[in-house]
Amino acid sequence: MTTVTDLLIVGGGINGAGIARDARGRGLSVVLCEQGDLAGYTSSASTKLIHGGLRYLEYYEFRLVREALFERERLLEAAPHIIWPLRFILPHEKGIRPAWFVRLGLFLYDHLAPRKRLPGTETIHLTRHPAGKALKPGFDTAFAYSDCWVEDSRMVALNALDAAERGADIRVRTKLVSARREGDIWVASLQNVATGETTEVRAKVIVNAGGPFVADVLNAKLGLNTQKSVRLVKGSHIVVPKLFETEQAFILQNTDKRIVFAIPYQGKFTLVGTTDIPVESVPDKKVTISDDEIQYLCNVVNHHFQRNVTPADVVWTYSGVRPLFDDGSVNASAVTRDYVFDLDRPEGQAPVLSIFGGKITTFRKLAEHALDELKSFFPAMKPAWTETAKLPGGDMPDADFERFFAGVKKRWPFLPEALAYRLSRAYGTRIEELLGSAKAMADLGEDFGAGLTAAEVDYLVRREWARSAEDILWRRSKLGLHVPAGAPARIDAYLEGRRATSVAAQ
């Protein structure tokens with residue numbers, strides 16, 4: 001079977017999903033293939049922030065920071081269920097960066113782009129502020145500023161969902177085997193990882209959004225070479241029992257000039273990261289944190305906080321490889337987080353657009369710019385449209401989550417408050433499809449633990465391409481740290497039963 005399409009997008013991370021969504025809204029036909037799960041690699045391994053990137057100002061990345069600050073406001077409006085404001089405390093430590101230098105950076109951060117919903121910077125005295133109780137003696141002054149939290153892998157799923165509802169063909173567990181040019185058309189072979197079945201896709205343009213695999217797609221899959229190269233940087237995080245009681249997060253300066261975030265995480269924990277470790281290649285399976293990285297992050301915590309941690313206190317770790325554009329920087333932390341496009345378009349031949357770099361905050365603008373690069377190939381393409389568009393579930397009046405949540409509790413009063421909050425945050429207005437006419441918890445089916453019910457699992461399979469317990473627990477519901485030990489096996493058994501029933505019905 002052969003599928004004919006305008007765009008074949010390779011990669012189901014935030015950039016691929018964002019481009020698929022934008023392209024369908026502009027009238028282009030789209031096939032997206034992802035060899036694993038959506039957000040299965042780098043896009044689920046972020047620090048979970050929508051932010052301008054305060055530290056990028058130190059490297060004169062003013063354009064990137066300005067664009068990211070604009071996007072921060074737009075995304076907060078577009079997805080108020082999975083994005084919300086977060087206040088950060090930056091303790092000042094003499095000898096690392098002068099106070100005037102930090103104040104100047106924060107002044108620029110406040111004024112490079114308009115702020116509609118986030119408060120500006122203030123200086124706080126830690127001896128009188130509740131945040132000071134968490135820190136060791138000697139930290140007297142700090143600066144407070146605002147950015148946003150995001151459920152990163154859900155952001156990817158919602159972009160893919162919006163694209164699919166507009167007509168995109170989203171194929172997870174489907175890898176690009178190879179592609180060749182036949183004049184102005186790409187002929188690509190895709191393989192279903194589960195069944196081994198191969199299909200052919202004929203596309204006018206290939207968009208290479210392979211993330212850390214972008215060079216592999218060009219060289220091994222397409223048989224091309226490019227002068228632009230990707231700089232692979234591993235970032236790792238640890239999760240430890242709660243370090244402090246405040247709702248604010250901390251941004252910690254270190255003597256090596258890196259910064260580390262310590263962020264409240266899922267009520268019981270603190271998320272700490274990230275590292276910046278250059279790596280030469282990307283394994284097919286997920287990368288993992290090293291013992292040295294764990295100790296480094298523990299050392300940062302122990303330098304700043306009253307509550308010390310050891311590697312034995314770490315309850316979870318995750319790592320991702322960031323595909324940064326190689327700008328020649330010696331220091332991995334200084335490598336630009338900006339994005340670069342490489343358009344390969346020999347005369348009379350089908351083009352491929354490869355994406356180097358990027359960050360989750362600027363995915364929407366990246367997608368917009370990527371499609372602008374392709375305008376000459378699609379003269380009838382509609383104009384850009386995503387700037388004011390809502391993501392699925394985000395269409396709540398005035399982007400007011402608290403008002404929406406109050407309505408959820410009134411509509412489904414049988415839900416425990418914590419479960420109602422989690423479902424409201426995860427699904428926004430799409431909670432209606434998940435809960436429907438349920439009158440009691442029993443109507444939602446089997447409970448796998450931590451409030452994860454069969455109704456939610458069914459929704460994630462039906463609407464968000466979930467295929468395994470790992471997909472559901474770590475990238476869709478975020479309940480991996482909360483369910484009992486036997487839950488993954490029970491969920492996988494349930495999913496297998498669903499598949500068997502579906503096959504039998506055919």
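## The second largest pocket

Strand 4 (83-91), strand 13 (259-265), strand 14 (269-273) and helix 9 (417-427) each contribute at least two residues to the lining of the second largest pocket. Helix 9 gives the most, with six residues. Helices (H or I, at least four residues) and strands (E, at least two) are DSSP runs, numbered from the N terminus.

This is a predicted model: local features need pLDDT of at least 70, side-chain atom pairs count only at pLDDT 80 or more, and totals for chains, interfaces and linings use all residues. Residues are numbered from 1 along each chain as its sequence is written, and side-chain values use heavy atoms, with hydrogens and water left out.

The second largest pocket has a volume of about 980 Å³. Its lining counts 34 residues, with W84, Y265, Q266, G267 and Y421 nearest the centre. By class, the lining splits into 15 nonpolar, eight polar and 11 charged residues. Here Ala, Val, Leu, Ile, Met, Phe, Trp, Tyr, Cys and Pro count as nonpolar, Asp, Glu, Lys and Arg as charged, and the others, Gly among them, as polar.

A pocket is an open set of points on a 1 Å grid over the protein atoms alone, with protein on both sides within 12 Å along at least five of seven lines; a cavity is a set where a 1.4 Å probe fits but cannot get out, and lining residues have an atom within 4 Å of a point. Points are joined across faces, edges and corners, and a volume is the space filled by probe spheres set on them.

The structure holds four cavities of 30 Å³ or more. The largest cavity has a volume of about 60 Å³, and its lining includes Y265, Q266 and W316.
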